[in-house]
Amino acid sequence: VGESYAVSVWMRLPDGVADDSGAEVVMKIVGTRGTSYVRIGPTATITDSGWTEVGGHFTLPDAGGTPTELVMYFSGPLPGTDFYADDVRVMREKQKCEDDPTFSKNRRGKKRTCKYI
């Protein structure tokens with residue numbers, strides 16, 4: 001919970017198939033408080049002329065309680081339309097954190113600024 005991941009998959013349509021409804025990656029999260037679905041990244045257009053990378057960044061939310069199951073779905077063209085998915089990657093993102101020197105000296109502690117690298 002709270003960890004961030006980069007998710008990507010390369011997708012395409014079979015030769016001769018035309019469908020412009022788009023493709024996306026969706027994570028199903030089953031937790032102690034129920035089930036939720038999170039779209040990972042924007043919807044991408046896939047074609048039969050080449051591979052397209054689909055995905056984005058995903059942070060496991062706390063809203064579902066303790067996760068008991070994660071299921072990744074690749075959705076795309078209209079029902080009944082085949083598509084290919086290859087080279088699926090899910091990588092935990094690393095954070096680079098440093099103290100913020102502009103943080104007010106009147107406050108206790110230090111403010112840390114973190115970003116994913």
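Begin by selecting strands β1 and β6 (residues 84–92), which run antiparallel and are joined by 7 bridges. Strands here are DSSP runs of E with at least two residues, and helices are runs of H or I with at least four residues, each numbered from the N terminus. Two strands count as paired if DSSP finds at least two bridges between them. Within this pair, display A6, whose bridge partner in β6 is M91. This is a predicted model, in which local features need pLDDT of at least 70 and side-chain atom pairs count only at pLDDT 80 or more, while totals for chains, interfaces and linings use all residues. Residues are numbered from 1 along each chain as its sequence is written, and side-chain values use heavy atoms, with hydrogens and water left out.

The selection now shows an open sheet of 3 strands in the order β4-β1-β6, with antiparallel pairing. Its edge strands are β4 and β6, each of which pairs on one side only. From one strand to the next, the twist averages 15°, taken between axes that are lines fitted to C-alpha atoms (for helices, over the stretch in contact), with angles running from 0 to 180 degrees between N-to-C directions.

Is β1 mostly covered or mostly open? Of its 9 residues, 7 are buried, so the strand is mostly covered. Buried means under 20% relative accessible area, exposed over 50%, and partly exposed in between (1.4 Å probe, protein chains only). W10 lies in β1 (residues 4–12), yet W10 is partly exposed, because its relative accessible area is 31%.

Now select W10 together with W51 and Y84: the three form a nonpolar patch on the surface, with about 320 Å² of accessible area together. Such patches consist of residues with over 30% relative accessible area and no salt bridge, with nonpolar side chains (Val, Leu, Ile, Met, Phe, Trp, Tyr) joined within 5 Å and like charges within 9 Å. A salt bridge is a side-chain nitrogen of Lys or Arg within 4 Å of a carboxyl oxygen of Asp or Glu. Areas come from the Shrake-Rupley method with a 1.4 Å probe; for residues, only the protein chains shown count as cover.

Move on to a further open sheet of 3 strands, ordered β3-β2-β5 with antiparallel pairing. β3 (34–44) and β5 (67–75) are the edge strands, each pairing on one side only. Strand β2 (residues 23–31) is joined to β3 by 8 bridges, and A23 stands opposite A44 in β3.

Finally, display the largest nonpolar core, a set of 14 residues in which M11, V25, I40, I46, V54 and F58 touch the most other members. A nonpolar core joins buried Ala, Val, Leu, Ile, Met, Phe, Trp, Tyr and Cys residues through side-chain atoms within 4.5 Å.
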